[in-house]
Every structure is written in C-alpha cells, then in structure tokens.
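Please read the following notes alongside the sequence and the structure.

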Amino acid sequence: MGLKFKCSTCRKPVISGYLKRGEIMACPHCGALVTIPDFATESDESPSIRSQRGPSLSQEQIKPELKLTEREDLVPVCPYCEASLNEIYTRTKGIPFISADNTVYFCPHCLKVLGFGKSRMG
Ligand SMILES: [Zn+2]
Ligand SMILES: [Zn+2]
C-alpha cells in the first residue's frame, strides 16, 4: 500500500511505499528528490524500486581504510615472553619447515617464531 503520483521532474509514475504526503523521497526513475504531493492517490501497487543509476554500494568492495601511524617511540613486544623486541632474529637456512627463499622471524629472548616472510625484498 502506497501513494501513487507522478514525478515532477521526469513525469513517470512513482509509488511512495511507506511514505506519506508531504514527505520527500528520491524518484526511482530520475533520482530527483520529490515531495509527495497532496493529490497523490492511494495505490495497492508495490513500491517502486530505487533507481540502479549511479554506483551501487552493494557492488562496490568496501575497503576499510587502515591507518598507519609511525611510532618510533614504541617498541613491539613479543607475544610469547612479552620482552621488548628491540631486535628480531631472522634465519633463512637450515630450518626444515621453511622453504628456500623464506625467512623465519623469531624472538631473540624466547626464540619463539613470530612469523615468516620472503627474504628477498621486492
Ligand atoms: Zn523522476
Ligand atoms: Zn619472546
């Protein structure tokens, strides 16, 4: 149940859906903001679907912006022994579970592995 009227901009029929007379909605055809007129008629037709013009949010990949802040005054802490990591040991050879061009990063205090990475930069 909605109100039916013609868009004052594109003259196409619009069903207001749940909105009432005097309220403003975007025309699903041309996108213009139209005030639902007093002469809008009651209609059993289903509300008009919003226009597909313009970018659709559902189709865009929403990438959260990751903020990078340089903190030269802070020292990362080992997640295992909680020692401050002023340095991290790396090893590239002689460890059976890493392949040739990988580096293993480990804590110099507890020697637990912090992560893996490619040893070649770039
Ligand atoms: Zn329109
Ligand atoms: Zn540690």
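1. Among contacts in the protein between residues at least 6 apart in sequence, those joining residues at least 24 apart make up 32%. Two residues are in contact if their C-beta atoms, placed from the backbone, lie within 7 Å.

2. This is a predicted model, in which local features need pLDDT of at least 70 and side-chain atom pairs count only at pLDDT 80 or more, while totals for chains, interfaces and linings use all residues. Residues are numbered from 1 along each chain as its sequence is written, and chains are lettered from A and ligands numbered from 1 in the order in which they are written.

3. The protein has zero helices and eight strands, in the order β-β-β-β-β-β-β-β from the N terminus. Helices (H or I, at least four residues) and strands (E, at least two) are DSSP runs, numbered from the N terminus.

4. Of the 122 residues in the protein, 11% are buried. A residue is buried with 20 or more other C-beta atoms within 10 Å of its own, exposed with 12 or fewer, and partly exposed in between; C-beta atoms are placed from the backbone.

5. Lys93 sits in the loop between strand E6 (89-91) and strand E7 (102-106). Lys93 counts as exposed because it has 9 C-beta neighbours inside 10 Å. Ten residues along the chain from Lys93 is Thr103, and their C-alpha atoms are 8.0 Å apart.

6. E7 and strand E8 (residues 113-118) run antiparallel and are joined by five bridges; two strands pair if DSSP finds at least two bridges between them. Asn102 has Lys118 in E8 as its bridge partner. The hairpin of E7 and E8 has six residues between the strands, and Leu111 in this hairpin takes a positive phi near 65 degrees.
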